[in-house]
Amino acid sequence: MSTAVERDILKLMFPENSTEAIRYVGHQINVVDNMGQGLMSLGGILLAITASLLPTLKSLASGARFFIVIGSSFVLASILCNALFVFRVRWVTQMENCPSDHSKVMDVALKIRSNKTRAYHIALTIMVIGLLCYLLSVYVLAFS
């Protein structure tokens, strides 16, 4: 959905209060940030567990080691994607010639929200791939 269409929908939802519409988009940005924090926590836990396995890693089957290393790499990539793009702070007031026109401010806020959401989905996909690699390492261990 385009920014202009979303802006029009918000105008319908908040016909007499554009400030409230901007606040609504701000709340949506907070939701994406909170989801990113959950993903970051999961990644941190997974890397901590993996680090505790390092002394015993040599004794594992080579296939299991491979999937643990690949899974850890994907989890780390997810954390980096999250940190660099979801948690990137960009203020609406940092716009060049910050307009007093609420429509332009709304467009910038919607673009910020959309970019954060897209980055979160990419980070989540990378995390799921990492989790699948961890799962494959368990299967390799179980069947070796």
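I began with the pocket term. On a 1 Å grid over the protein atoms alone, a pocket is an open set of points with protein on both sides within 12 Å along at least five of seven lines, and a 1.4 Å probe that fits but cannot get out marks a cavity instead. Lining residues have an atom within 4 Å of a point. Points are joined across faces, edges and corners, and volume is the space filled by probe spheres set on them.

I noted the ground rules. This is a predicted model, where local features need pLDDT of at least 70, side-chain atom pairs count only at pLDDT 80 or more, and totals for chains, interfaces and linings use all residues. Numbering runs from 1 along each chain as its sequence is written, and side-chain values use heavy atoms, without hydrogens and water.

Entry: second largest pocket. I read a volume of about 160 Å³. Its lining consists of Phe-85, Arg-88, Arg-90, Lys-111, Ile-112, Asn-115, Lys-116 and Ala-119. Helix H4 (residues 102-142) contributes the most, with 5 residues. Helices here are DSSP runs of H or I, at least four residues, numbered from the N terminus. I sorted the lining by class: 3 nonpolar, 1 polar and 4 charged. Nonpolar covers Ala, Val, Leu, Ile, Met, Phe, Trp, Tyr, Cys and Pro; charged covers Asp, Glu, Lys and Arg; polar covers the others, Gly among them.

Entry: H2 against H4. Helix H2 (residues 18-53) packs on H4 at about 20°, with the axes 10 Å apart. H2 is therefore roughly parallel to H4 (under 35 degrees; over 145 is roughly antiparallel). Axes are lines fitted to C-alpha atoms over the stretch in contact, and angles run from 0 to 180 degrees between N-to-C directions. I logged the H2 and H4 crossing as left-handed, meaning the near helix is turned anticlockwise from the far one by less than a right angle. The contact of H2 with H4 holds 21 nonpolar, 8 polar and 3 charged residues.

Entry: two residues of H2. I checked Met-40, which lies in H2. Met-40 is partly exposed, at 23% relative accessibility (between 20% and 50%, 1.4 Å probe, protein chains only). Its C-alpha is 9.5 Å from that of Ala-123, 83 residues away in sequence. Val-25 also sits in H2. Val-25 is buried at 0% (under 20%). From Val-25 to Arg-113 I read 7.4 Å between C-alpha atoms, across 88 residues of chain.

Entry: H2 against H3. H2 and helix H3 (residues 62-86) pack at about 150°, axes 9 Å apart. That makes the pair roughly antiparallel. The H2 and H3 crossing is left-handed.

How values were computed: Parallel < 35°, antiparallel > 145°, perpendicular 65-115°, else oblique.
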